[in-house]
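Student: Hi! I've just opened this one and would like a friendly tour. Can we begin with a word I keep running into?

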Amino acid sequence: MTVTFDRNRLVDMAGTYTGIFTGTPTNPTIASTYFMTLTVAKTGKASGSLLDGGKTKTPFSKILFDAAGNISIPVANGVTINGSLAWSGSEDANNARQFIGTASKGDWTTSVVAEETENTVFVTN
């Protein structure tokens, strides 16, 4: 008899991810740059915010990842983020966890990669 367990990768991938992207990758400016914070709950609910170069913070919340780890996030400032959680190696606590996708607004689309942030405090003397 063989027993197989269906792993809930959302539990592995729960955490807060941060990333920076620009709507003009060939000529980036502060005004075209966004800082994304994405929090993934063990239930698959996503929340977070986009901070644009003009320092306007636009929140988003209560958006669900599907069972495959995909999501589409329409943000109130007109940016849409589509992507997925990178499952590969997620069961190993030493591996990097990432959200990989695209962001688009109007006539531009750009790549987005967000890394899970560590909750580690470095003490210095």
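Tutor: Happy to. Contact here means heavy atoms within 4.5 Å. Keep in mind too that this is a predicted model.

Student: Where is Thr110 found?

Tutor: Look in strand E8, which covers residues 108-116.

Student: Is Thr110 buried or exposed?

Tutor: Thr110 has a relative accessible area of 10%. Buried means under 20%, so Thr110 is buried.

Student: What lies 3.3 Å from a polar atom of its side chain?

Tutor: That is the backbone oxygen of Thr22.

Student: Let's switch to rings. How many aromatic pairs does a search of the whole structure find?

Tutor: The search finds 3 aromatic pairs. One of them joins Phe21 and Tyr34, with ring centres 5.3 Å apart and planes at 15°.

Student: Why is that pair called stacked?

Tutor: Planes under 30 degrees apart count as stacked, and the planes of Phe21 and Tyr34 are at 15°, so the pair is stacked.

Student: Which strands do Phe21 and Tyr34 lie in?

Tutor: Phe21 lies in strand E1 (residues 15-22) and Tyr34 in strand E2 (residues 33-40), so the pair ties together parts 13 residues apart in sequence. Phe21 and Tyr34 are both buried. Ring pairs also link Phe21 and Tyr34 with Trp108 in a cluster.

Student: What about Phe65 and Phe99, how are their rings placed?

Tutor: Their centres are 6.5 Å apart and their planes at 75°, so this pair is edge-to-face. Phe65 sits in the loop between strand E4 (57-64) and strand E5 (70-74), while Phe99 is in strand E7 (residues 98-105), so the pair ties together parts 34 residues apart in sequence. Phe65 and Phe99 are both buried.

Student: New topic: which residues touch the most other members of the largest nonpolar core?

Tutor: Phe21, Met36, Leu38, Phe65, Ile81 and Phe99 do, in a core of 24 residues. Strand E2 gives the most to this core, with 4 residues.

Student: And what is Leu38 in contact with?

Tutor: Leaving aside neighbours within four places in sequence, Leu38 has contacts including Tyr17, Ala46, Phe60, Phe65, Ile73 and Phe99.

Student: Last topic, charges. How many salt bridges does a search of the whole structure find?

Tutor: There are 2 salt bridges. In one of them, the side chains of Asp12 and Arg9 meet at 3.9 Å, N to O. Both lie in helix H1 (residues 9-13), 3 residues apart, about one turn of the helix. Asp12 counts as buried at 14% relative accessibility, whereas Arg9 counts as partly exposed at 26%.

Student: Where does Glu116 come in, and which side chain does it meet?

Tutor: The side chains of Glu116 and Arg97 meet in a salt bridge, at 3.9 Å, N to O. This pair links distant parts of the chain, with Glu116 in strand E8 and Arg97 in the loop between strand E6 (80-85) and E7, 19 residues apart.

Student: Are those two buried or exposed?

Tutor: Glu116 counts as partly exposed, at 23% relative accessibility. Arg97 counts as buried, at 11%.

Conventions:
Residues numbered from 1 in each chain as written. Predicted model: local features only at pLDDT ≥ 70, side-chain atom pairs only at ≥ 80, totals over all residues. Heavy atoms only, no water. Phe/Tyr/Trp six-rings, centres within 6.5 Å; stacked < 30°, edge-to-face > 60°. Helix = DSSP H or I, 4+ residues; strand = E, 2+ residues; numbered from the N terminus. Buried < 20%, exposed > 50% of the residue type's maximum accessible area, 1.4 Å probe, protein only. Polar contact = N/O pair within 3.5 Å; in protein donor to acceptor, adjacent residues only side chain to side chain. Salt bridge = Lys/Arg side-chain N within 4 Å of Asp/Glu carboxyl O. Core = buried A, V, L, I, M, F, W, Y, C linked by side-chain atoms within 4.5 Å.
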